[in-house]
Amino acid sequence: LVGSGSRTKFRLAVVQLHVTKVKVDNLSRARGLIKEAAAQGAKVVVLPECFNSPYGTGFFPEYAEKIPGESSQVLSEAAKESQVYLVGGSIPEEDDGGKLYNTCPVFGPDGSLVLKHRKIHLFDIDVPGKIRFQESETLSPGSNLSMFDTPYCRVGVGICYDMRFAELAQLYSKKGCQLLVYPGAFNMTTGPAHWELLQRGRAVDNQVYVATASPARDETASYVAWGHSTVVSPWGEVISKAGSEETVVYADIDLQYLANVRQQIPITAQRRSDLYTVNAVQEG
């Protein structure tokens with residue numbers, strides 16, 4: 001079967017939003033760009049990681065909110081008015097127990113909350129002389145895989161650092177996902193080194209489409225995002241890519257092309273499951 005839905009082609013939009021310290025402005029501009037994307041024929045729209053808040057451990061507690069809450073309400077309304085599947089980037093989420101998460105809410109064209117993905121792998125790195133960042137200082141990790149179905153295909157969701165873990169992408173592919181989306185905010189050290197490389201790796205290893213949504217670059221921010229939101233084909237080819245500024249990039253996802261790639265290089269059938277396998281310990 002080509003896709004889990006009835007249609008083999010659809011337009012994907014990736015919004016590279018310029019994020020400020022004013023939440024209401026971020027929400028308003030995001031809503032406007034979602035509407036613009038829908039006017040260009042997009043059926044699935046992806047926002048960037050931490051789109052409603054500056055990215056930083058000091059900002060997460062200040063900007064955190066419940067789901068449902070202010071930001072998720074705006075996203076729900078935007079998805080419904082534009083009739084799109086909306087991957088809501090991520091927001092700092094506070095649960096009922098006071099724990100904070102980096103969370104991606106996904107909404108259907110009817111405005112309903114389809115799922116929320118809490119970032120599984122927290123961004124704790126230390127590159128001497130370049131960057132040290134510890135999400136775990138304020139955030140807790142999620143513990144579930146996150147997938148949703150559209151009339152076109154099944155979609156797997158990760159956030160930023162999740163993309164570095166090939167096993168997650170393998171599990172999503174194994175479970176029928178043909179598009180993987182990663183809202184992410186790589187920085188000026190990891191961005192030029194690994195951003196595109198990881199996306200192309202996840203795409204070609206699993207013969208899926210991969211889309212990433214970064215905030216636009218703001219040189220005055222405490223954390224400077226790399227930008228360059230991207231869509232990669234199952235062949236590992238970059239088919240759409242933004243620069244560093246605020247923009248919307250589009251890609252036409254062709255599930256028949258994906259099926260052709262898998263037929264030409266049939267790695268799924270050729271895997272040696274008698275020698276190795278990747279399995280989920282906890283189901284999403």
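1. A pocket, on a 1 Å grid over the protein atoms alone, is an open set of points with protein on both sides within 12 Å along at least five of seven lines, a cavity is a set of points where a 1.4 Å probe fits but cannot get out, and lining residues have an atom within 4 Å of a point. Grid points are joined across faces, edges and corners, and a volume is the space filled by probe spheres set on the points. With these terms, the second largest pocket holds about 250 Å³ of space, and of the 18 residues that line this pocket, the closest to its centre are Val19, Pro54, Tyr55, Ala221 and Tyr223. Its lining has twelve nonpolar, three polar and three charged residues, where Ala, Val, Leu, Ile, Met, Phe, Trp, Tyr, Cys and Pro count as nonpolar, Asp, Glu, Lys and Arg as charged, and the others, Gly among them, as polar.

2. Please keep in mind that this is a predicted model, in which local features need pLDDT of at least 70 and side-chain atom pairs count only at pLDDT 80 or more, while totals for chains, interfaces and linings use all residues. Residues are numbered from 1 along each chain as its sequence is written, and side-chain values use heavy atoms, with hydrogens and water left out.

3. On the overall build, the protein has seven helices and 15 strands, which are DSSP runs numbered from the N terminus (helices H or I with at least four residues, strands E with at least two). The radius of gyration is 18 Å, close to the 19 Å that the globule rule gives for 284 residues, so the protein is as compact as a globular protein of that length; the radius is taken over C-alpha atoms, and the rule is 2.2 Å times the number of residues to the power 0.38. Of the 284 residues, 55% count as buried, a word that here means under 20% relative accessible area, with exposed over 50% and partly exposed in between (1.4 Å probe, protein chains only).

4. The largest pocket has a volume of about 340 Å³, and its lining includes Gln170, Lys174, Asn206, Arg262 and Tyr276. Helix 4 (residues 166-174) gives the largest share of that lining, three residues, and by class the lining has two nonpolar, six polar and three charged residues.

5. How many cavities of 30 Å³ or more does the count give? The count comes to one, and the space in the largest cavity is about 30 Å³. Phe123, Tyr161, Arg164, Phe186 and Thr190 line this cavity.

6. Helix 3 (residues 70-82) has 13 residues, which at 1.5 Å a residue should span 18 Å, and its end C-alpha atoms are 19 Å apart, which agrees; the expected span is 1.5 Å times one less than the number of residues. Among its buried residues are Val74, Leu75, Ala78 and Ala79, and the buried residues of helix 3 pack against helix 1 (23-39), strand 3 (85-87), strand 4 (91-94) and strand 5 (100-107), contact being heavy atoms within 4.5 Å. Just after helix 3, Gln83 takes a positive phi of about 55 degrees.

7. Helix 5 (residues 190-206) can be checked in the manner of the previous point: its 17 residues should span 24 Å at 1.5 Å a residue, and its end C-alpha atoms are 23 Å apart, which agrees. Its buried residues include Thr190, Trp195, Leu198 and Asn206, and what covers the buried residues of helix 5 includes strand 7 (124-127), helix 4 and helix 6 (255-264).

8. Most residues other than glycine have a negative phi, and most peptide bonds are trans. Gln207, however, has a positive phi of about 55 degrees although it is not a glycine; Gln207 sits in the loop between helix 5 and strand 12 and is buried, with a relative accessible area of 3%. His228 likewise has a positive phi, near 60 degrees, lies in the loop between strand 12 and strand 13, and counts as buried at 16% relative accessibility. The peptide bond from Ile67 to Pro68 is cis, with omega near 5 degrees, and Pro68 is found in the loop between helix 2 (60-63) and helix 3.

9. Finally, Gly243 is in the loop between strand 14 (238-241) and strand 15 (247-254), and counts as partly exposed at 24% relative accessibility. Leaving aside residues up to four places away in sequence, Gly243 touches Gln16, Gly227 and His228.
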